[in-house]
Amino acid sequence: MPILKEHYSFDRTDIHQLRDFLVNQRRLSGWTQEELSDRSGVSVRTIRNLETGSNTNPRRTSVSLLLTALGATATAFPEPTPWDSGRRPALGQSPDLQSDPTALPPWQGPRPLGDALVGRQADLGHVLSAAQRSRLIVLTGPGGVGKTRIALAAASRLRPLFQGGVAVAELHDIPPQHLEPAASAAELTRVVRRLTSSNEGGVRGGAALGRRLLVLDSAEHVSQHTARIARQLLDEHPGLQIIVTSRRALAVGAAETWEVEPLSCDRRDGSDTELPSAVELFLRRVRASLPTLDLGNRLPLVQQLCRLLDGMPLAIEVAARGLRSLPLTTLLHDGTLFHLLAHVDAGDLSRHRTLSDSVRWSYELLPAPHRELLRELSSLPSTFSLDAIPARAGGGFGSTRVAHLLAELADVSLVQINRGQQYRYGVHALVRHWVTQEEASTDLGRSAEQARDRPVLAGSA
């Protein structure tokens, strides 16, 4: 391909690869074309023409500015290099692809979604930074908060640094460790060993096979087994790095843990123009499914809806779908909103069919005393202090027992903590609603059972 002094000249294949690279990396950064233009100094028109593939002769300076803005390096391109979504060097480093500089390390398992990570630049940046310090990174947080998306996006950014490739294992089908300990451990070992064996292109057999990144997704129900096998793998394979997502923190001393929090429902201090990330996500999802629906003059109502959902991304996405059939004012009613969230199929957004299934999954992993305390906490205000928890909570074992159970509920992401001068605790709205409904359903079933067991008096009809 001929190279002009000031221009790159791409053939049809290369220009499509360049287009895919720019689109994917811009979306992973959560930027519009206008935002990328502001950050790079390249005109929106040039960016648009590159992303559509209509400009096959871009200026070197334009490509270099775009690479710099996206965090990639623009060094040493003696001739045009094919581009694609995985070629972006992460953390300011250039990948060492020795035998074939255009080859991409392999990827096994689920891949990141193509949409932008709204409001997650700090989370993503922390994971990328942590990858320079630790070989084991654990993302924790409640169901539906976006742990998997962040982990997969980070793996995509880091991919060029791992010549052995990226492998993603979904663990949700493994039996829970508290129900079937032996079967759970055996199945987890089988899944993970298969992904790190030499015949899968992994790290077993030494450094010659290259570094490898392993993502273990949804480990909360096998957290103890995952901690154990992660320690073993890291000892056995010096070139291995692991990212784990789990609603429960892992007891591994060497792990760097990052708590993924819900999106913000309020503007940043001093900002009159920037939308809260929860509101931005809702508007993006509405635009994607209902491009003709204009909510520009109803932003206060959208913000109110996001607050009702406590900024939980999956709940916000499901609620945005609800606008296809129900007006915003109807969704703002608690009964309508939570009924929608409990019954609308979210299977393409989550491994759980509905948001109620997601809460039930966490609830059913709890021992009885923890369930009892969670029911008590769900009846308290949206935020509360430790002193506000009733003495009868937790089976009436006293304040020390309650504090212990509360800490364990926080460890499994069913209770959130605001760590200020005084710790404040909270249960997310969807969890509160589901637990309250579950308690009412249990009471109703218990009453019906008692009525069936009650002896029939003589002479009654």
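**Entry 1, aromatic pairs.** I took rings of Phe, Tyr and Trp, the last by its six-membered ring, to pair if their centres lie within 6.5 Å, with planes under 30 degrees apart counted as stacked and over 60 as edge-to-face. The model is a predicted one, and in it I found two aromatic pairs.

I then looked up where the partners sit: Tyr 363 belongs to helix α14 (residues 355–364) and Trp 434 to helix α18 (residues 429–453), so that the pair joins distant parts of the chain, 71 residues apart. Both Tyr 363 and Trp 434 are buried.

The other entry is Phe 384 with Tyr 425, a stacked pair with 6.2 Å from centre to centre and 25° between the planes. This one also links distant parts of the chain, 41 residues apart, with Phe 384 in the loop between α15 (368–378) and α16 (393–396) and Tyr 425 in strand β8. Because buried means under 20% relative accessible area, I counted Phe 384, at 2%, as buried, and likewise Tyr 425, at 11%.

I noted Arg 211 lying over the face of Phe 162, at 4.4 Å from the ring centre.

I searched for disulfides and found zero. For Cys 265, which is in no disulfide, the nearest cysteine sulfur is that of Cys 306, 5.5 Å away, whereas a disulfide would need the sulfur atoms within 2.5 Å. Cys 265 is buried, with a relative accessible area of 10%, and Cys 306, at 1% relative accessibility, counts as buried too.

Which of them gives the most to the lining? I found that α9 does, with five residues. The space in the largest pocket comes to about 1,400 Å³. Sorting the lining by class, I recorded 14 nonpolar, 15 polar and 18 charged residues.

Definitions and conventions: Residues are numbered from 1 along each chain as its sequence is written. This is a predicted model: local features need pLDDT of at least 70, side-chain atom pairs count only at pLDDT 80 or more; totals for chains, interfaces and linings use all residues. Side-chain values use heavy atoms; hydrogens and water are left out. On a 1 Å grid over the protein atoms alone, a cavity is a set of points where a 1.4 Å probe fits but cannot get out, and a pocket is an open set with protein on both sides within 12 Å along at least five of seven lines; lining residues have an atom within 4 Å of a point. Grid points are joined across faces, edges and corners, and a volume is the space filled by probe spheres set on the points. Helices (H or I, at least four residues) and strands (E, at least two) are DSSP runs, numbered from the N terminus. Ala, Val, Leu, Ile, Met, Phe, Trp, Tyr, Cys and Pro count as nonpolar, Asp, Glu, Lys and Arg as charged, and the others, Gly among them, as polar. Buried means under 20% relative accessible area, exposed over 50%, partly exposed in between (1.4 Å probe, protein chains only). A charge sits over a ring if NZ of Lys or CZ of Arg is within 6 Å of the ring centre and within 35 degrees of the ring normal.
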